[in-house]
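Subject: Structure handover

Dear colleague,

Please find the structure below. My notes on the ligand sites, the annotations and a few local details follow it.

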Amino acid sequence: MEKTFHITTFGCQMNEHDSEILAGLLDEMGYRAVPDREEAQVVILNTCSVRENADKRFFGTLGQLKRRKTADPDFVVCVCGCMMQQQHIIDTLKTKYPWVDLVFGTHNIHRFPALLENVIRQKDREIEIWQDGGEIVEGMPARRLHRCKALVNIMYGCNNFCTYCIVPYTRGRERSRRPEDIVKEIRELTADGVREVMLLGQNVNSYRGEPEDGGVCSFADLILRIAEIDGLERIRFMTSHPKDLSDELIRVFADCDKLCKNIHLPVQSGSSEIMKRMNRHYDREQYLEIIRKLREAVPEITISTDIIVGFPGETEEQFEETLSLVEEVRYDSAFTFLYSPRVGTPAAELPEQIPEEVKHRRFNRLVELVDSISAEKNSAYKGRVERVLAEGTSKRNPGALSGRTDGFKLVNFKGENDLIGQFVDVEITEGKTFSLEGRIVQ
Ligand code: 5AD
Ligand code: SF4
């Protein structure tokens with residue numbers, strides 16, 4: 001039997017990185033990745049539960065695999081990720097999808113090779129879910145999507161319990177990796193050609209590392225430690241919570257050249273009352289004050305956000321406050337979401353759920369505003385020369401390369417493939433809503 005695999009990843013960068021680890025583990029087991037799911041002997045669906053449409057897409061994709069599973073008993077179907085940490089999903093899998101071979105969760109990825117071997121050897125299904133993360137497992141392999149940049153987990157879990165969010169239930173409580181382990185991993189990555197790292201955590205600002213020699217390492221301390229690594233040129237992070245954004249971190253933004261001048265700072269709503277009911281621990285004025293301080297310290301900083309429309313009880317006036325906040329901040333970009341009730345979260349139980357058509361109407365207005373500001377901001381880049389890390393070939397534009405500026409703007413430009421992995425100076429010739437076009441300058 002040919003040992004081939006295919007992984008489909010839903011959701012955020014945490015999941016993407018978990019999939020890189022699964023791919024690394026499969027490499028070690030002698031499996032080969034294939035681009036087409038139909039060709040793979042082992043298929044993994046790594047799921048997301050943050051919104052309902054991710055659930056639906058998962059079950060849709062899973063359903064498509066049934067016919068092949070029935071025809072080919074050696075075909076192995078594995079499902080993992082956030083959805084598996086919810087009991088009602090496990091119950092559905094057991095009753096409606098008994099042909100799925102392997103089910104595991106977010107806390108026991110390192111168990112995957114042993115579980116897969118059991119499934120193949122015993123020709124029997126395995127369901128193994130851990131309720132919470134134990135000790136952090138270090139030293140797992142990862143097969144990176146890009147040669148020149150890497151995702152690096154610095155912490156796991158979330159303690160914030162925003163009332164709409166399922167993540168604290170699926171990813172468990174916050175646990176920070178030791179700073180030494182993080183630095184060691186990034187040193188190895190840079191030795192392997194990585195120039196840029198994205199530090200990952202649900203709320204990286206509350207990183208609290210315990211160094212071997214005692215004391216506490218804050219997130220700002222960690223960035224400074226990482227910045228000392230020779231060969232590493234760029235540091236980014238995702239995601240930060242406004243309530244924990246320290247003045248110390250703002251200073252590091254200003255002082256540390258390697259820290260990219262870009263922040264993703266989810267606001268979720270423009271109304272202080274809704275922020276309170278979301279359990280966000282800041283209000284509109286406090287959020288705007290952080291934005292002011294960031295821009296004062298680093299005038300060129302680019303800022304993006306997440307916004308939810310139609311949180312239970314959101315009035316038209318409160319939604320207008322979201323629009324006015326967006327106009328005030330003028331985000332470089334924003335991810336906008338329709339509120340989606342998640343089983344087990346407090347907001348799903350609230351009585352005043354907003355009708356779908358109202359949510360959609362508000363959502364469309366918000367997207368229109370967000371996009372027009374993005375387009376305006378991007379068009380102001382025309383004529384500027386930006387340093388871009390060429391990451392790969394452009395998806396949309398065959399024959400072109402794409403990469404990111406320091407401020408995380410996506411740029412497409414003509415160039416030879418041997419530039420991939422290098423920094424190039426690109427003159428911006430056009431600013432579009434979601435990307436920039438440019439040409440290399442010598
Ligand atoms: N409904 C809609 N959007 C949500 N998000 C998280 N939970 C929900 C939900 N139940 C959004 C938040 C978060 C982003 C990752 O997903 O904006 O920042
Ligand atoms: Fe969810 Fe809030 Fe934690 Fe982000 S900070 S993962 S929105 S609970």
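The shell around ligand 1 holds six nonpolar, two polar and three charged residues, where Ala, Val, Leu, Ile, Met, Phe, Trp, Tyr, Cys and Pro count as nonpolar, Asp, Glu, Lys and Arg as charged, and the others, Gly among them, as polar. Its members are Val50, Arg51, Tyr164, Gln268, Asp306, Ile308, Phe337, Leu338, Tyr339, Ser340 and Arg342; a residue is placed there if one of its heavy atoms lies within 4 Å of the ligand.

This is a predicted model, in which local features need pLDDT of at least 70 and side-chain atom pairs count only at pLDDT 80 or more, while totals for chains, interfaces and linings use all residues. Residues are numbered from 1 along each chain as its sequence is written, chains are lettered from A and ligands numbered from 1 in the order in which they are written, and side-chain values use heavy atoms, with hydrogens and water left out.

Which residues have an N or O atom facing a nitrogen atom of ligand 1? Tyr164 has a backbone N or O atom 3.0 Å from a nitrogen atom of the ligand, and Ser340 has a backbone N or O atom 2.7 Å from a nitrogen atom of ligand 1. On the side-chain side, an N or O atom of Arg51 is 2.8 Å from an oxygen atom of ligand 1. A polar contact here is a pair of N or O atoms within 3.5 Å; within protein, one must be able to donate a hydrogen and the other to accept it, and residues adjacent in sequence count only if both atoms are side-chain atoms. Ligand 1 exposes 410 Å² when taken alone, and the protein buries 86% of that (Shrake-Rupley areas with a 1.4 Å probe; for residues, only the protein chains shown count as cover). Two or more shell residues come from each of β15 (302–309) and β16 (333–338); helices (H or I, at least four residues) and strands (E, at least two) are DSSP runs, numbered from the N terminus.

Ligand 2 is surrounded by Cys158, Asn160, Phe161, Cys162, Tyr164, Cys165, Val167, Pro168, Gln202, His241 and Arg280. By class these are seven nonpolar, three polar and one charged residues. Cys158 sits in the loop between β8 (155–156) and α6 (167–171). Is Cys158 buried or exposed? Cys158 is buried, at 9% relative accessible area (buried means under 20%, exposed over 50%, partly exposed in between, with a 1.4 Å probe and protein chains only).

On the overall layout, the protein chain is assigned domain 1 (4–128), domain 2 (146–260), domain 3 (293–379) and domain 4 (385–440), with bounds from an automatic or database domain assignment. The centres of domain 1 and domain 4, taken over C-alpha atoms, are 34 Å apart. The unreviewed UniProt entry also has "domain: Radical SAM core" over residues 144–376. That span is 39% helix and 17% strand, and its end C-alpha atoms lie 34 Å apart.

Some single residues follow. Thr302 lies in strand β15 and is buried, with a relative accessible area of 3%. The Thr302 side chain makes a polar contact with the side chain of Asn262 at 2.9 Å, and a polar atom of that side chain lies 2.8 Å from the backbone oxygen of Gly407. Ser374, in helix α13, is buried at 2%; Ser374 and Tyr331 are 43 residues apart in sequence and 7.0 Å apart in space, C-alpha to C-alpha.

Last, the backbone. Most residues other than glycine have a negative phi, and most peptide bonds are trans. The bond from Met238 to Thr239 is cis, with omega near 0°, and Thr239 lies in the loop between β13 (234–238) and α9 (247–255). Lys123 has a positive phi, near 50°; Lys123 is exposed, at 63% relative accessibility, in the loop between α5 (112–122) and β6 (126–128). Asn279 has a phi near 65° and is partly exposed at 25%, in the loop between α10 (272–277) and α11 (284–297).

Regards

Note on methods
UniProt positions renumbered as here; feature names shortened; annotations may be inferred.
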